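Please read each one with the structure open beside you.

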Amino acid sequence: MLKGKNIVLGVTGGIASYKACEIISSLKKEGANVYVIMTKNATEFITPLTLMTLSKNKVVVDMFEMPDNYEVEHISLAKKGDLFLIAPATANIIGKVANGIADDMLSTTIMATKSKVVFAPAMNDAMYENKIVQDNIRKLKDYGYYFIDPTEGMLACNTKGIGRLEEPKVIVEEIKTLMEVGTL
Ligand SMILES: Cc1cc2nc3c(=O)[nH]c(=O)nc-3n(C[C@H](O)[C@H](O)[C@H](O)COP(=O)(O)O)c2cc1C
């Protein structure tokens, strides 16, 4: 059940960023409140306006933007989120979180939350298979972060391999399971 749950969706800068639209729509259909944080690089792929319109909430990108009210935004979002979903998750955000880097709104909010965090990676197959990326994923799993693994198929870079973002509908089903059962 996602009805009334607060889901913070982190969107990072990959070619699959546009699929965040379908993820937001599916989460909204399930009755969830969706709060989007985008990285600056994600805004090169898809606009905050689109994600704001779909989520019906303000989209946060800049950590130093003056907040609407007296609240430290990354802390208030970190507390508000019942669950964090990072989809698509770049090699970069995985690497940053795995190594304790908090240098933008998304990585800082992830660092500040005590809620469950789920990464749905999407990247080129060589990037995904890179030992550093795999080590970072293993490290995050050991710390209790969840992953919805990418699938195999035709990638945007015109190669066939592993790295496609899992289908938005499947991601939302997995999130439901995690919220209901407590584990994936
Ligand atoms: C056209 C294009 C597509 C990209 N697709 C991906 C991708 O699917 N996955 C990924 O990890 N990085 C991808 N990148 C690289 C990221 O944008 C880059 O690593 C960036 O620093 C990620 O920043 P962020 O994690 O702060 O959003 C792509 C870059 C370009 C120019």
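1. Which residues does Asn 124 touch, not counting residues up to four places away in sequence? Asn 124 touches Leu 155, Cys 157 and Gly 163, where two residues are in contact if their C-beta atoms, placed from the backbone, lie within 7 Å.

2. Before going further, please keep in mind that this is a predicted model, in which local features need pLDDT of at least 70 and side-chain atom pairs count only at pLDDT 80 or more, while totals for chains, interfaces and linings use all residues. Residues are numbered from 1 along each chain as its sequence is written.

3. Asn 124 is found in the loop between β4 and α6 (125–129); helices (H or I, at least four residues) and strands (E, at least two) are DSSP runs, numbered from the N terminus. With 18 other C-beta atoms within 10 Å, Asn 124 is partly exposed, since a residue is called buried at 20 or more such atoms, exposed at 12 or fewer, and partly exposed in between, with C-beta atoms placed from the backbone. The C-alpha atoms of Asn 124 and Thr 159 are separated by 8.3 Å, although these residues are 35 residues apart along the chain.

4. The strands form an open sheet of five, in the order β2-β1-β3-β4-β5, with parallel pairing; two strands pair if DSSP finds at least two bridges between them. β2 (33–38) and β5 (146–147) stand at the edges with a single partner strand each, so one side of each has no neighbour in the sheet. β4 and β5 pair in the parallel sense over two bridges, and Tyr 146 in β5 is the bridge partner of Val 118.

5. In helix α8, the buried residues are Pro 168, Ile 171, Val 172 and Ile 175. Seen down the helix axis, these buried residues fall within an arc of 95°, so they line one face of α8; the arc is that of the directions from the helix axis to the C-beta atoms. Lys 169, Thr 177, Glu 180 and Val 181 are exposed on the other side of α8, whereas the cover over its buried residues includes α1 (20–29), β3 (83–89) and β4 (116–121). After α8 comes Gly 182, whose phi is positive, near 95°.

6. Around the ligand there are 15 residues, of which Gly 13, Gly 14, Thr 39, Thr 90 and Met 123 come nearest; a residue counts as near if its C-beta atom, placed from the backbone, lies within 6 Å of the molecule. Helix α4 (residues 91–98) gives the most to this shell, with three residues.
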